[in-house]
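Here is a short tour of some aromatic rings, a helix residue and a strand. Have the model open as you read.

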Amino acid sequence: MKLLEMKHVEKSFHGISVIKDISLSVGEGEIVSIIGPSGSGKSTLLRCATMLETMDRGELIYMGEKAAWNDETRKMTYVPKKDLKRIQENYGLVFQNFNLFPHFSVIKNIIDAPISVQKRDKNEVYRTGKELLKKMGLEDKENAYPCQLSGGQCQRVAIARALALNPKILFFDEPTSALDPELTGEVLKVIKSLADLDISMVIVTHEMAFAKDISDRVIFMADGVIVEEGTPEMVFASDNERTRSFLGRYGEMLK
């Protein structure tokens, strides 16, 4: 079953086209990495998928239900707020810079939205929060505050917060770009461990070895279009000149 479908998506900023007629889909349990040079539109595509940006053209479909489309006048139409809220419960998003609430403890960052937004049982959510902290290797940080954590620990809390919402698909927007190399490894290790949960993931990343190792499918973007997509083996062994040029810089890493 397709959890996410994006059809003929376009997005411009100040008259400059950033995404040009992109279509993609993500199936149940599938891990898709999106790679490409800076400025290729990867993060904008993710922001369109999660409705943080409004598309100019195209269709956005979750679980077979349209979230956004062009009406007969080609005007972009989004579903009403009550339907939007339900559709948004299908996914979670982990940002580059964590976006934790600084005045909330670690556990409150994780349990606040499931309780206040999803109206779930407090005790059940708290138990889930503690289990997620244990999975993240942070069981001793429950009452700490973000300012007391390393960048890698903050990102792991952000991942736990996203998982606490029970999403069917999890988006990662360059989850290690704000971390130094020493902390990058610990976050990538945690993301790899999520594969055991059989949750769908879409990961925008500059970590080529990681993308090659974890993905069911890799999408290579450049200049606002999908240049190539396929299995990691296909993309990383591609004969496409644009793909080879980009991946050539990572050759040593991938050996």
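## Rings, a helix residue and a strand

With a relative accessibility of 13%, Phe 104 counts as buried. Please keep in mind that this is a predicted model. The ring partner of Phe 104 is Phe 101: the two ring centres are 5.1 Å apart and the planes meet at 55°, so the pair is tilted. Phe 101 is partly exposed, with a relative accessible area of 39%.

Tyr 91 lies in strand S7 (residues 91–94) and Phe 171 in strand S8 (residues 169–173), so the pair links distant parts of the chain, 80 residues apart. Tyr 91 and Phe 171 also belong to one aromatic cluster, which they form together with Tyr 62.

| Residue | Relative accessible area | Class |
|---|---|---|
| Tyr 91 | 9% | buried |
| Phe 171 | 1% | buried |
| Phe 101 | 39% | partly exposed |
| Phe 104 | 13% | buried |

Now for the helix residue. Gln 155 is found in helix H5 (residues 151–163). Is Gln 155 buried or exposed? At 0% relative accessibility, Gln 155 counts as buried, because buried means under 20%. Which residues does Gln 155 touch, leaving aside its neighbours within four places in sequence? Its contacts are Val 94, Phe 95, Gln 96, Phe 98, Pro 175 and Val 187.

S3 is mostly covered, with five of its five residues buried. In a regular strand, side chains alternate between the two faces of the sheet. In S3, Ile 31, Ser 33 and Ile 35 point one way, while Val 32 and Ile 34 point the other way, and all are buried.

Which strands does S3 pair with? One is strand S9 (residues 200–204), paired with S3 in the parallel sense over four bridges; there, Ile 31 has Met 201 as its bridge partner. Another is strand S10 (residues 217–222), which runs parallel to S3 and is joined to it by four bridges. In S10, Phe 220 is the bridge partner of Ile 35.

Technical notes. Residues are numbered from 1 along each chain as its sequence is written. This is a predicted model: local features need pLDDT of at least 70, side-chain atom pairs count only at pLDDT 80 or more; totals for chains, interfaces and linings use all residues. Side-chain values use heavy atoms; hydrogens and water are left out. Helices (H or I, at least four residues) and strands (E, at least two) are DSSP runs, numbered from the N terminus. Buried means under 20% relative accessible area, exposed over 50%, partly exposed in between (1.4 Å probe, protein chains only). Rings of Phe, Tyr and Trp (its six-membered ring) pair if their centres lie within 6.5 Å; planes under 30 degrees apart count as stacked, over 60 as edge-to-face and the rest as tilted. Contact means heavy atoms within 4.5 Å. Two strands pair if DSSP finds at least two bridges between them.
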